[in-house]
Structure formats: structure tokens, C-alpha cells
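Grab a pencil and work through these exercises with the model in view. Try each task before you read its solution.

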Amino acid sequence: MLLHAFLIVVSVAWLFPLAWAVINSFRDYSYTAEHGYVSFGGFTIDNYVNAWERGNFGQGFLNSVIITVPAVVLVLLLASSTAFVLARFNYAFNLTLLGVFLAANLLPPQALLIPIFRLYRQIPLPEWLSDSGSLLGSYWGLILINVAFQLGFCTFVLSNYMKTVPREIYESAEIDGASVWRQYWQLTLPLCRPALAALAVLQTTWIYNEFFWATVLIQDFEKLPITSSLNNLRGQFFVDYNLLSAGSVLVALPVLVVFFALQKQFVSGLTLGSTKG
């Protein structure tokens, strides 16, 4: 009973800010300013309409899709192929390479701000890929930096997961004449589907919610992702927190849709592979 009581308290503590934001997103600011936030009434849907129009959320959602989808696909493709080599073959520097991938996640992104900014400004791109003529200010620049920072974590997770696949399966595939590519594409990836689904949910959440690199590397206001659109709802001298709550709910909806769509695979991906055999 004590354990269940503790879990209930923790759950309420975690859900309260979200529930409070959702409730206030449906309340008029003038009502809460007069009666206080600890009151009941003043419900309206105008906050969502105003947030969508003032925040330019339509373009922001499109920009987030353009950035997030290719980044997640590239991360999972590169991480799975690298993890397959690390798990399937024994090289002298296997553990060292895996340690380098893991150590890269410990590097704070702020430490690379200046060199990345200068590097992006000097790398040319054709005009049909970038209006600025360089990686700086282009979608591809933001996609690549997200792939670089997320690749190490996904490689570490997938390599440990792939090591649980019995080697007898690969030996049988080799006897049947399966090449290394077929072992990776037709054998390993289907077996790793739960892990890939779990990582897809995590990566979609992290890349979609990324704010730091988007603010630094994207110069054009029309190319900023949806997370940056929340800045449009903040005034210079005044902030309507009910309006900001409505915008935050709108921003969180796509991630919730992805999570609930892959919820079963996400949960199984967290548990499968925890034991060998």
C-alpha cells in the first residue's frame, strides 16, 4: 500500500503541470487576471486560434517535418548499419569504437557552437539546397547536426540489442548463401524492429523538440521549426501564459500522436533484449 501510495503521489506530481497547462490553455486571460488562476470559469478556445495565427504554426510544423523525418531516418539507418558491424564482427578496436560513440554523447553541444558555426559558413551548397549558398541557414545543416549528436546513443543501444541475436541464425544464413548485406537487411533489421520503434519514438521526440541548434544555425525566420514558434507568443513587456499554454499543447500534439501510434513497440523495445537468449 505504501508503494502504491508513493507511485500515485509521484504520478500526480508529474501530471499536474501538464494538466494545469491544458486547463489554462482553455481559459481567457482577462478572466484569470481578474479572478486568479485558482478559479473556475472563463473557458474559451480562442487561445488556440490566436496561437496558431500569431505563432505561424502552419509553417513551423512543416519545417519540423522537413527536419525531423529525414534526421530520424538517417540516424536509424546509419546507427543500425554501424551497430550491425560492431555486433556481428570482431575487430581489434570494437570496444574502443563503441566507447568513442558513447563518449561523444557526453560532449555538451554549447562547446561546439563557434567551430560548428564557422564550419557551416564555409561549406558551400548549391542554391537548390540552400538559399544562403552554404550549410548555414539550410535545412540540411540542421539535419546533419542532429544526426551527428544522436548517432552515438542509437549505435550503443542497437549494438547491445543485436548482440542478443543468436549467432546460429547468422551461421544458418551463411550456409544458405546469404551475403552480409542480406543478413543485415532481411535478417537483423526485422529482428530489431521493437528496438528501432523505441528509438524512433525517442529520436522523434528529441529532434522535434530541439531548440538550441535551430536558433543558432537557421537564420531565416520562415525556416525555423515549431519549437521556435513559441517565441512569437511572447511579448516584449507582457506574456499571456494562457496563450503560451495553448501553443505548448499544440506543439506537443505530434509527439503524443507518434508515441501512442508506436506505444506497443516502444514498451516492448525497452524490455526485449534485456536478457540474452
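**Exercise 1.** Count the disulfides, taking one as a pair of cysteine sulfur atoms within 2.5 Å.

*Solution.* Step one: apply the cut-off, and the count is zero disulfides. Step two: look at Cys 154, whose nearest cysteine sulfur, that of Cys 192, is 13 Å away. Step three: check burial (buried is under 20% relative accessible area, with a 1.4 Å probe and protein chains only). Cys 154 is buried at 0%, and Cys 192 is buried at 0% too.

Before you go on: this is a predicted model, where local features need pLDDT of at least 70, side-chain atom pairs count only at pLDDT 80 or more, and totals for chains, interfaces and linings use all residues. Residues are numbered from 1 along each chain as its sequence is written, and side-chain values use heavy atoms, leaving out hydrogens and water.

**Exercise 2.** Describe how helix α4 (residues 57–88) packs against helix α7 (residues 139–162).

*Solution.* Start with the axes, which are lines fitted to C-alpha atoms over the stretch in contact, with angles from 0 to 180 degrees between N-to-C directions. The axes of α4 and α7 come within 7 Å and cross at roughly 40°. Next, sort the contact residues by class: 20 are nonpolar, eight are polar and none are charged.

How values were computed
Helices (H or I, at least four residues) and strands (E, at least two) are DSSP runs, numbered from the N terminus. Ala, Val, Leu, Ile, Met, Phe, Trp, Tyr, Cys and Pro count as nonpolar, Asp, Glu, Lys and Arg as charged, and the others, Gly among them, as polar. Buried means under 20% relative accessible area, exposed over 50%, partly exposed in between (1.4 Å probe, protein chains only).
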